[in-house]
Amino acid sequence: MKIAVSGKGGTGKTTIASLVLRYLLLKNFKPILAVDADPNSNFGDALGVKVESTVGKVLDGFLKDKESLPMGVVKESLIDYKLSEILVEEKGFDLISMGQGEGPGCYCYPNTIIRNYIEKLASNYKHVVIDNEAGMEHISRRTNGSLDALLLVSDPSMKGIRTCKKLENLVNELGLNIKKIFLLINRVTHEPPPQIMEEVKRLNLNLLEIIPEDENVVDHELKGIPMLNLEESSPSVIKIREALTKVFL
Ligand SMILES: Nc1ncnc2c1ncn2[C@@H]1O[C@H](COP(=O)(O)OP(=O)(O)O)[C@@H](O)[C@H]1O
Ligand SMILES: [Mg+2]
């Protein structure tokens with residue numbers, strides 16, 4: 001299953017993506033590929049994985065000495081090889097970080113290679129979890145746009161909920177092949193305000209679960225402990241488990 005997490009910045013995408021990965025690991029749904037598709041990435045931190053390099057950095061290297069590179073297939077396999085080197089292998093899952101290219105120049109050609117590479121890479125795994133940036137374009141650009149489930153994350157704010165609707169509309173406009181789109185409202189203390197629930201209903205969003213504000217998440221973040229280490233009894237872990245049980249039905 002290929003699952004991506006999207007939504008407005010700071011709503012909890014990376015945290016939720018980590019909890020999704022945690023669930024899959026616990027269920028022994030292996031092997032898993034984790035993709036950090038956010039240029040301001042910190043999926044690695046949340047998973048407790050040290051990331052040395054990113055796809056963006058590899059591309060920069062190639063674009064810098066473009067002239068001296070061989071042509072065609074050789075160049076392509078060279079890039080493939082370089083990309084395979086930045087894959088971090090962990091127990092039960094691998095992580096690849098997209099990062100961002102720094103240099104100027106046209107990225108069209110390398111982007112095609114990246115798309116092919118990520119697609120090829122993803123096909124080796126039983127499950128893929130993608131931590132996205134707030135936009136949606138990269139899904140079509142980098143990962144072929146096909147997903148089993150897209151989890152849209154919002155905080156309990158009108159702005160967050162409406163951003164999720166915009167993302168859903170964008171998916172439809174781009175004609176992406178996404179089987180199911182769900183909404184998760186994250187960091188909720190007690191209950192979401194009634195106005196929020198009315199807006200969710202009005203916009204016809206498919207609410208999967210409400211994830212509580214979890215002091216253990218706050219504590220782990222402060223102490224730099226990976227989200228994979230959260231206790232099974234943590235409120236957010238319990239709710240993500242309930243949510244994913246419905247997704248994996
Ligand atoms: N359910 C939650 N309870 C408490 N804190 C949370 C929860 N979800 C996320 N956070 C915190 O909110 C902040 C933003 O979360 P993050 O996952 O980095 O968001 P995003 O990836 O969308 O930018 C982080 O400090 C994170 O620890
Ligand atoms: Mg993030």
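Modeller: One cut-off first: a residue counts as buried when its relative accessible area is under 20%, as exposed when it is over 50%, and as partly exposed in between. Keep in mind that this is a predicted model.

Start with helix α3, residues 55-64. This helix is mostly covered, with seven of its 10 residues buried. The buried residues are V55, G56, V58, L59, D60, F62 and L63.

Strand β5, residues 127-132, comes next. Six of its six residues are buried, so β5 is largely enclosed by the rest of the structure. In a regular strand, side chains alternate between the two faces of the sheet. In β5, H127, V129 and D131 point one way. V128, I130 and N132 point the other way. Both sets are buried.

What does β5 pair with? Strand β1, residues 2-7, is one partner, and the two pair in the parallel sense over four bridges. Within that pairing, A4 has I130 of β5 as its bridge partner. Strand β2, residues 32-37, also runs parallel to β5, and six bridges join the two. On that side, A34 stands opposite V129 of β5.

Now helix α10, residues 235-247. S236 lies in α10. Is S236 buried or exposed? S236 is buried, because its relative accessible area is 3%. Which residues does S236 touch, leaving out those up to four places away in sequence? They are L19, I211, P212, D214, V217 and L230.

Side chains of opposite charge can pair when their charged atoms come close. An α-helix has 3.6 residues a turn, so residues three or four places apart point the same way. E242 counts as partly exposed because its relative accessibility is 35%. K239 is partly exposed as well, with a relative accessible area of 27%. This pair belongs to a network of salt bridges that links E209, K239, E242 and K246.

Helix α7, residues 158-174, holds R162. Take E168 and K165 in this helix first. Their closest N and O atoms are 2.7 Å apart, and the two form a salt bridge. E168 and K165 both lie in α7, three residues apart, about one turn of the helix. Both E168 and K165 are buried.

R162 counts as partly exposed, at 40% relative accessibility.

How values were computed:
Residues numbered from 1 in each chain as written. Chains lettered and ligands numbered in written order. Predicted model: local features only at pLDDT ≥ 70, side-chain atom pairs only at ≥ 80, totals over all residues. Heavy atoms only, no water. Buried < 20%, exposed > 50% of the residue type's maximum accessible area, 1.4 Å probe, protein only. Salt bridge = Lys/Arg side-chain N within 4 Å of Asp/Glu carboxyl O. Contact = heavy atoms within 4.5 Å. Pairing = 2+ DSSP bridges.
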